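Open the model in your viewer and switch to a cartoon view. The tour goes from one selection to the next.

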Amino acid sequence: KDRFRFICREFLLKHSDSLNIDDLCEKLFVSESTLRSDVKRINQLNSAYQIRMEFYKEYLLLRGPERELRKMFNITVFDDIGGNYFDYQLIQDEFPDFDPRHMVRAIRQTFAKNNYINEFALFNLVLHISIIIERLKKGCFIEQRNTLHMPAEEKYIILDLCEIIEDIYNVKFNIEEITEMYILFRANANT
């Protein structure tokens, strides 16, 4: 389990979809055959998420729908955080280029008019957004999906939040990413 989390974090924080096998074995202090065995087990565990790790020449590749990859990364980071759900420093440690306290202020400012979010949901949303930003910076976008109808008031809240994130982190939200932000908002909002 620890090696799985380490590999996931390497994919999330250091690369978009490939890791050098020799470097990974060296960091994990394992042989290539152990790594191959671990990857086989990881693939069995992640089959429900449509995520696969594949060996290609000297690389380990990560394959799967972007939405599912983000879920896996979220579970991994959330597991690393343990029960420290309100310790934003842990998110800062995971994502050095991301300032969670700044994001908390932006979310509170955006939701202030409507008091939409509690502290646990806020932490969860900040964690999800940190992963979204990391993935967007690497050029990894949600695949096209059927668009959801967003009530006008909620749509403006989400568009405001996306604009703030775009300005701060120099990323761009397409319609699928905006829809994903809406889904996260609905999952975490007190409406």
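The stops below cover a sheet, the helices on it and a helix pair in this predicted model.

Stop 1: Select residues 18-20, 52-56 and 59-63. Here 3 strands make an open sheet, ordered 1-3-2, with antiparallel pairing. Strand 1 (18-20) and strand 2 (52-56) are at the edges. Each has a single partner strand, so one side of each lacks a neighbour in the sheet. From one strand to the next, the twist averages 25°.

**Stop 2: strands 2 and 3.** Zoom in on this antiparallel pair, joined by 5 bridges. Which residue in strand 3 is the bridge partner of phenylalanine 55? Pick leucine 60 to see that partner.

**Stop 3: helix 4 and helix 7.** Select residues 66-81 and 119-137. The axes of these two helices come within 10 Å and cross at roughly 125°. That angle makes helix 4 oblique to helix 7. The crossing is right-handed.

Show side chains at the contact. On helix 4, look for residues including Leu69, Phe73, Val77 and Ile81. On helix 7, the residues they meet include Phe123, Leu127, Ile131 and Arg135. Colour the contact by residue class: 11 residues are nonpolar, 3 polar and 3 charged.

Note on methods. Residues numbered from 1 in each chain as written. Predicted model: local features only at pLDDT ≥ 70, side-chain atom pairs only at ≥ 80, totals over all residues. Heavy atoms only, no water. Pairing = 2+ DSSP bridges. Helix = DSSP H or I, 4+ residues; strand = E, 2+ residues; numbered from the N terminus. Axes fitted to C-alpha atoms, helices over the stretch in contact; angles between N-to-C directions. Parallel < 35°, antiparallel > 145°, perpendicular 65-115°, else oblique. Left-handed = near helix turned anticlockwise from the far one by under 90°. Contact = heavy atoms within 4.5 Å. Nonpolar A, V, L, I, M, F, W, Y, C, P; charged D, E, K, R; others polar.
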